[in-house]
Amino acid sequence: MPVLRQLPRWAWFGTAVLAFIAGQVNAVGYLGFRHESISNMTGNTSLLGVALGQGEHGEALHWALAIAAFVLGATLSGMIVQQSTLQLGRRYGVALVLESALLFAAVPLLDAANSAGLYLASVGMGLQNGMVSAYSGAVIRTTHVTGIFTDLGIYLGHLLRGLPVDRLRLRVCTLVAASFMLGSIVGAGLFRLLQQRSLLIPATLTGVCGLGYGLYRQYTLSRAGPPDG
C-alpha cells in the first residue's frame, strides 16, 4: 500500500479521531428515535429495497433521502478538497468545519424527532468519508468498518497459511476498527445522559479538528516562507 506509507503522522492521528467521531454519530443514530445508521449506507440500501418491495412508499422515500444525503456529502468533499493526494495545503479544515456545522444543525431537529436531522448528519458523514477516502487512495474508510473487518479476515487467513501480510495495512484496520468501536461506546454512554443532544460532542470535536488543522496549516506554511521565484 504505497499510499499508506506516504501518510504523515498527523494523518494517522486524524484518521483515528474521525473514526472515533463517526462511531459516536452512528451510536446516536441507532439509539435515537428511528434507530438507524447515519454513517453506514449498506443497511440503509437494504432497507430501501425492502420498503420498495413491500410497497411502503413513505419509508422508501426516507431511505432514498438518507442515501442521497450521504452521497451529497461525498460530492461536497470532492468539490472542497478536489485533489486526491494528501497535502498540507488542501482544504481539509474547511471540510471538517462544514461537517461540524452540519452536525450542530442536526441536533435541534433530532431533538424534535425530525428526520431532517438524520439527513444533515448523513451529509456530514458522507463529507468525512469522502475526504478520508480521497487522501488515503480509497483504502481507508472512517464511517463504516465492513471493509476493515473483511481485510482483517483476509490477513488472518494469510497469517494462518504462512503467507506474507502487509503489517501496515493490518495496523490501519485495527486502528480504524478500534477507534470506531470506542466512539460507539462513548456515544452510547453520552446518549444515556444527553439523548439526541449527545451529537453536540462529535460536532464539537469535528470543529476543533477543522480549526486545529487550519491553524497548523497556517503555522507550517508561514514557517516555510514564500515559494522561490
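1. In this predicted model, helix 3 and helix 4 pack with their axes 8 Å apart, at an angle of about 150°. Angles over 145 degrees count as roughly antiparallel, and helix 3 and helix 4 are therefore roughly antiparallel to each other. The crossing of helix 3 past helix 4 is left-handed.

2. On the helix 3 side, the contact is formed by M41, N44, T45, L47, L48, A51 and L52, which meet E59, A60, W63, A64, A66, I67 and F70 of helix 4. By residue class, this contact of helix 3 with helix 4 comprises 11 nonpolar, 2 polar and 1 charged.

3. A second pair consists of helix 7 (residues 146–160) and helix 8 (residues 167–194), whose axes come within 10 Å and cross at roughly 140°. Helix 7 and helix 8 are therefore oblique to each other. Helix 7 likewise passes helix 8 in a left-handed crossing.

4. Here I148, F149, D151, L152, Y155 and L159 of helix 7 meet R167, R169, L170, C173, T174, V176 and A177 of helix 8. The residues of this contact divide into 9 nonpolar, 1 polar and 3 charged.

5. The largest nonpolar core has 52 residues, and V25, M131, I148 and L199 have the most contacts inside it. Two or more residues of this core come from each of helix 2 (9–31), helix 3 (41–53), helix 4 (57–81), helix 5 (92–111), helix 6 (116–135), helix 7, helix 8 and helix 9 (200–224). I148 also belongs to the contact of helix 7 with helix 8.

6. Leaving aside residues up to four places away in sequence, L199 touches V25, V28, L103, A106, V107 and L110. Among these partners, V25 is itself one of the core residues with the most contacts.

Conventions: Residues are numbered from 1 along each chain as its sequence is written. This is a predicted model: local features need pLDDT of at least 70, side-chain atom pairs count only at pLDDT 80 or more; totals for chains, interfaces and linings use all residues. Side-chain values use heavy atoms; hydrogens and water are left out. Axes are lines fitted to C-alpha atoms, for helices over the stretch in contact, and angles run from 0 to 180 degrees between N-to-C directions. Helices (H or I, at least four residues) and strands (E, at least two) are DSSP runs, numbered from the N terminus. Angles under 35 degrees count as roughly parallel, over 145 as roughly antiparallel, 65 to 115 as roughly perpendicular and the rest as oblique. A crossing is left-handed if the near helix is turned anticlockwise from the far one by less than a right angle, and right-handed if clockwise. Contact means heavy atoms within 4.5 Å. Ala, Val, Leu, Ile, Met, Phe, Trp, Tyr, Cys and Pro count as nonpolar, Asp, Glu, Lys and Arg as charged, and the others, Gly among them, as polar. A nonpolar core is a set of buried Ala, Val, Leu, Ile, Met, Phe, Trp, Tyr and Cys residues joined through side-chain atoms within 4.5 Å. Buried means under 20% relative accessible area, exposed over 50%, partly exposed in between (1.4 Å probe, protein chains only).
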